[in-house]
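Here is a short tour for someone meeting this structure for the first time. Have the sequence and the 3D view open as you read.

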Amino acid sequence: MTLSFSYQGSPARIVFGNGASADVGKWVEALNCRRALVLSTPHQAADAQALSARLGSLSVGTFTDATMHTPVEVTERAVSRAAEVGADCVVSLGGGSTTGLGKAMAYRTDIQQIVVPTTYAGSEVTPILGQTENGVKTTVRSPKITPEVVIYDPELTLGLPVDMSITSGLNAIAHAAEGLYAPDRNPITSMMAIDGMRALKEALPVIIESPRDSSAREKALYGAWLCGTVLGQISMSLHHKICHTLGGSFDTPHAETHSIMLPHTIGFNASAVPELMKPISDIFGGGTPGQALYDFAKSIGSPKALRDFGLSEADLDRAAEIANSNPYANPRPIDHGSIRALLQDAWSGRRPPY
Ligand code: NAD
């Protein structure tokens with residue numbers, strides 16, 4: 001075997017464990033901060049207020065308007081609020097939307113971030129920020145965007161609704177699956193990808209039966225950390241490009257889109273790199289990688305068809321065009337016809353042929 005690679009670990013501090021979120025104040029102080037602004041979506045405002053109250057004099061209050069796709073208008077309001085109250089760090093409590101707001105603030109002001117994730121999206125361990133302005137979603141990468149501290153507390157995920165647990169878990173699996181063939185992959189990211197997918201494969205079927213099973217929740221969050229780390233360290237290809245196109249141009253929901261597309265994009269690419277994708281068949285129950293993922297997703301009750309999310313058949317032509325417009329590294333050559341065909345399968349919910 002010949003090995004040749006470059007590896008850059010993340011500078012972020014990762015803290016993992018049941019009850020770990022009780023130590024947020026300790027981590028605020030460890031960053032030499034004294035004035036934390038707690039962020040959340042409106043849905044998790046009560047949790048953010050409770051966390052702010054627990055922080056006591058280390059908190060300067062909450063900002064609870066985080067929104068999916070990180071609208072610039074919301075970020076600007078949050079930056080103003082942080083300045084008004086003299087915040088020296090943010091504590092982002094929630095899923096990718098809340099993490100996105102903290103990252104957008106850090107991108108503009110370099111404010112330090114502590115993230116307490118409550119979904120499996122993985123954004124907390126990436127230097128990537130997606131934001132929207134006037135209906136256009138753009139993505140930027142910068143070391144300033146990577147949160148300084150991530151506190152994974154599985155107890156906070158016990159109440160994550162089952163449908164969100166399924167799609168968010170498949171969203172995480174997508175990061176790892178594409179990581180296996182990334183041109184800049186390395187032995188560490190491949191190990192993390194395989195272990196992360198295995199953890200989620202074992203945990204999700206337990207969670208759908210017993211949503212408050214603490215060891216399954218712990219395993220799923222551990223898997224999500226690994227899969228998110230893969231996303232943050234190497235490049236993504238066809239799958240993430242198509243999901244970005246569908247979410248950005250057609251407003252399809254983030255985690256559901258990933259869940260539906262995953263078997264189709266991975267199956268399509270696996271036929272070009274079967275050896276690299278063999279772990280997927282091994283982990284998800286045999287057959288081709290695309291079919292193994294499809295069968296697994298179906299068995300845990302994932303949504304299967306894009307047509308259930310407001311996309312018309314006519315939209316597929318434009319989606320194929322957009323997804324095919326900017327070149328990027330992909331293990332299998334793509335053209336309009338092949339993308340259009342896999343979108344058709346995903347639209348109708350058909351089991352992929354590969
Ligand atoms: P989300 O953050 O939008 O959460 C969806 C809803 O669920 C929100 O109302 C939220 O408050 C609620 N919620 C979150 N955790 C909960 C819990 N434990 N219990 C009950 N309700 C809970 O969803 P998401 O899928 O985590 O994030 C999606 C966003 O993250 C998208 O905008 C996506 O683009 C972004 N994202 C970015 C990256 C990156 O690296 N930049 C990676 C993944 C996702």
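What covers the buried residues of α12?

## Helix α12 and its cover

The cover over the buried residues of α12 includes α8 (238–250) and α13 (336–348), counting contact as heavy atoms within 4.5 Å. Helix α12 itself spans residues 313–323, and its buried residues are Leu316, Ala319, Ala320 and Ala323. These residues cover an arc of only 100 degrees around the axis, which puts them on the same side of α12. Look at the other side of α12 and you'll find Ala314 and Glu321 exposed.

A few words on terms. Buried means under 20% relative accessible area, exposed means over 50%, and partly exposed is in between (1.4 Å probe, protein chains only). The arc is taken from the directions that run from the helix axis to the C-beta atoms. Helices (H or I, at least four residues) and strands (E, at least two) are DSSP runs, numbered from the N terminus.

## What you're looking at

This is a predicted model, where local features need pLDDT of at least 70 and side-chain atom pairs count only at pLDDT 80 or more, while totals for chains, interfaces and linings use all residues. Residues are numbered from 1 along each chain as its sequence is written, and side-chain values use heavy atoms, with hydrogens and water left out.

## Two annotated spans

UniProt, in an unreviewed entry, gives residues 11–154 the label "domain: Alcohol dehydrogenase iron-type/glycerol dehydrogenase GldA". That stretch, 11–154, is 32% helix and 28% strand, with its end C-alpha atoms 22 Å apart.

Further along, at residues 166–347, UniProt places "domain: Fe-containing alcohol dehydrogenase-like C-terminal", again from an unreviewed entry.

## Helix α2, face by face

Now go to α2, residues 45–55, where Ala45, Ala48, Leu51, Ser52 and Leu55 are buried. Seen down the axis of α2, they fall within an arc of 125 degrees, so they line one face of the helix. An α-helix has 3.6 residues a turn, so residues three or four places apart point the same way.

The cover over that buried side includes α1 (24–30), β2 (36–39), β3 (59–63) and β4 (89–94). On the face turned away from it, α2 carries the exposed residues Ala46, Ala53 and Arg54. Asp47 also lies in α2, and at 45% relative accessibility it counts as partly exposed.

## Ser97 in helix α4

Ser97 is found in α4, residues 96–109, and is buried, with a relative accessible area of 17%. Leaving out residues up to four places away in sequence, Ser97 touches Thr41, Ala66, Thr67 and Met68. Ser97 and Gly122 are 25 residues apart in sequence, and their C-alpha atoms are 11 Å apart in space.

## A cavity to find

How many cavities of 30 Å³ or more does the structure hold? The count is 1. On a 1 Å grid over the protein atoms alone, a cavity is a set of points where a 1.4 Å probe fits but cannot get out, and lining residues have an atom within 4 Å of a point.

The largest cavity has a volume of about 50 Å³, and its lining includes Tyr294, His264 and Lys304. Helix α9 (254–270) supplies the largest share of that lining, 4 residues, and α11 (289–299) supplies at least two.

Definitions and conventions. 1 Å grid on protein atoms, 1.4 Å probe; cavity = no way out; pocket = protein on both sides within 12 Å on 5 of 7 lines; lining within 4 Å. Points joined across faces, edges and corners; volume = space filled by probe spheres on them. UniProt positions renumbered as here; feature names shortened; annotations may be inferred.
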